[in-house]
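Trainee: Could you walk me through the pockets here, and the terms behind them?
Mentor: Happy to; have a look at the model first.

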Amino acid sequence: MLHYILIFFIYAGFLGTVFNLKEGYRADKNTVNWPPAVLFGGVYFILLTILYEKFLVYILLNMVNSLGTFLAFSTIGSGMYMVLFSFGTLALSKLTLCKSPDLWTYIVFVIGLIINVTLMFKVATLNYAEMVKNFGDAVFEDFYLSLSETTRTDTANKLLDLKWIVMCIPSVFYIIQIAKGLKKDLIYRHENI
């Protein structure tokens, strides 16, 4: 649930920040067609939440049959989710005619991705240990049942929450970069009026 809230606030915050700093609809040469940007943000939010869950359930039901596949799909899925989330922020920046990310944004993204995948690997390892405690050798007979009926440890929950927060850091970093650039442009425009 935390990732739904974080994604919503990041995308809404991005649009609100840019809208405010581009002086709403009065954006001089950089006139932004706002409805497509807002529509994209809403649709993409739904894709990252509802469809992600369906995709995850499909994988659990059809492709996980060993510890290796569980760890692989967990870490790859988490990494891909972060890539897709960050792509959404980048797409919003293009739709709102903002500057492209600088090198530091990409560096922060790569570091965040490595931390995200590492945390998810640890969470998956802890989850698997709990499943083995509950189901023994029958973990993969009905893996979805094993996973859904196993309660995560407090440590796993904290690491999972941290993973979602780390996922948002590159987008927040990029929003700050854009906000600083737009503020400089705004000051420059007002000084030259």
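Mentor: Helices are DSSP runs of H or I with at least four residues, and strands are runs of E with at least two, numbered from the N terminus. This is a predicted model, where local features need pLDDT of at least 70, side-chain atom pairs count only at pLDDT 80 or more, and totals for chains, interfaces and linings use all residues. Residues are numbered from 1 along each chain as its sequence is written, and side-chain values use heavy atoms, without hydrogens and water.

Trainee: Which helix gives the largest share of the lining of the largest pocket?
Mentor: H2, with eleven residues. The whole lining has 38 residues, and Tyr52, Glu53, Leu56, Met120 and Trp164 lie nearest the centre.

Trainee: What makes a residue count as lining a pocket?
Mentor: It needs an atom within 4 Å of a pocket point; on a 1 Å grid over the protein atoms alone, a pocket is an open set of points where a 1.4 Å probe fits, with protein on both sides within 12 Å along at least five of seven lines. Tyr52 is among the lining residues of the largest pocket, so Tyr52 has an atom within 4 Å of one of its points.

Trainee: What is the volume of the second largest pocket?
Mentor: About 220 Å³, while the largest pocket holds about 1000 Å³.

Trainee: How many charged residues are in the lining of the second largest pocket?
Mentor: None; eight are nonpolar and four polar. Val83 and Ser86 are among them.

Methods:
Points joined across faces, edges and corners; volume = space filled by probe spheres on them. Nonpolar A, V, L, I, M, F, W, Y, C, P; charged D, E, K, R; others polar.
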